[in-house]
Amino acid sequence: MSSPRKQRPRINRARRHFLGLAAAAGARIAAMGTLAVTTFLPSSTAQAKPGNGPKPGKGPGSSPGNGPKCLPRGTSIMTPTGEVRIEDLRIGDLVETVRGEAHAIKWIGRDLYRLSGSRWNNSVMPIRICRHALDEQTPHRDLYLSPGHALFIDGVLIRVQDLINGTSIMPALPADAREIEYFHIALDTHEVILAEGAPVETLLLEADIHEGFTNFAEFARLYPGPQPQMTPFAPIVGYGGRAHLKALLRLAAGPFARVRAPIEESYERIAARAEQLIG
């Protein structure tokens, strides 16, 4: 196992968002094109913004036939003794959560994708969050996530594919990569842990979601029978789908009221920071 780094990154506290007033609903819809709204649906059922990432599948960040992905080999995870690369973690090891509590790892899902392999597609391409893209300290090193993996920002879970800005957050491969090996950490509950200092979700266990990983037989052996449904750590936000329809109905009900969705404010703030980083 690699030696844990002793420096512990500061955990950024999530801020709450408030509702605002604006112009008429028709003008708002035309300006936005698509609206991001808060939902309490599991991330596997939340719909992706058209053309921006993977289609709904059996788990977070999945597409039909591929299964869940999430954190690539080499990602550093915060533990009570310091940072440890995700591939060096084992079942029973403790990881820190943003609640300030350490949780034991229940299981780690794995999947391998070769760039020249038949399984490679757009939903496999990781998205890079550049160092300090989220704030002055976060992440403290470039962080790569699968498109459907969610970060905990401003009190909600936002999939990284919905934060792409073409500069500080965009699809990219690690240097000299010929394959991507993804890992996903499952705890007893859906939590948020620190990856390269950034708050990211753990696996939201749903019915048969483990079958999306190549080592699914290990999970079935360790935990036979139906598993309890997990409650999401926080509201999950996204673009399009049923959430989009509900938002339109809500806007139509009040012609002079609108919801400034958490994802919109977060995206605008991160995009503005990207301009500072390249400026």
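This briefing covers the overall build, strand pairing and salt bridges of the structure above. The model is predicted. The protein has four helices and 16 strands. Of its 279 residues, 50% are buried.

**Overall build**

- The accessible surface is about 13,200 Å². Carbon and sulfur atoms account for 55% of that surface.

**The β3-β4 hairpin**

- Strands β3 (residues 76-79) and β4 (residues 82-85) run antiparallel and are joined by four bridges.
- Two residues lie between β3 and β4, and the two strands form a hairpin.
- Met-78 stands opposite Glu-83 of β4.

**A three-strand sheet**

- Three strands form an open sheet in the order β9-β8-β12, with antiparallel pairing.
- β9 (143-145) and β12 (169-171) are at the edges; each has a single partner strand, so one side of each has no neighbour in the sheet.
- On average, neighbouring strands of this sheet are turned by 25 degrees against each other, direction ignored.
- β8 (residues 127-129) pairs with β12 over three bridges, in the antiparallel sense.
- Ile-129 has Ile-169 in β12 as its bridge partner.

**Salt bridges**

- Side chains of opposite charge can pair when their charged atoms come close.
- The count here is eight salt bridges, taking a side-chain nitrogen of Lys or Arg within 4 Å of a carboxyl oxygen of Asp or Glu.
- Arg-73 and Glu-181 form one of them, at 2.8 Å from N to O.
- Arg-73 sits in the loop between β2 (71-72) and β3, while Glu-181 is in strand β13 (residues 179-186), so this pair ties together parts 108 residues apart in sequence.
- A network of salt bridges links Arg-73, Glu-87 and Glu-181.
- Glu-196 and Arg-141 also meet in a salt bridge, at 2.6 Å from N to O.
- Glu-196 is in the loop between β14 (192-195) and β15 (198-201), and Arg-141 is in the loop between β8 and β9, so the pair ties together parts 55 residues apart in sequence.
- Glu-196 counts as buried, at 1% relative accessibility, whereas Arg-141 is partly exposed, with a relative accessible area of 31%.
- Asp-162 forms a salt bridge with Arg-159, and their closest N and O atoms are 3.1 Å apart.
- Asp-162 and Arg-159 are both buried.

Terms used:
Residues numbered from 1 in each chain as written. Predicted model: local features only at pLDDT ≥ 70, side-chain atom pairs only at ≥ 80, totals over all residues. Heavy atoms only, no water. Buried < 20%, exposed > 50% of the residue type's maximum accessible area, 1.4 Å probe, protein only. Areas by Shrake-Rupley, 256 points an atom, 1.4 Å probe, with all protein chains shown as cover. Pairing = 2+ DSSP bridges. Axes fitted to C-alpha atoms, helices over the stretch in contact; angles between N-to-C directions.
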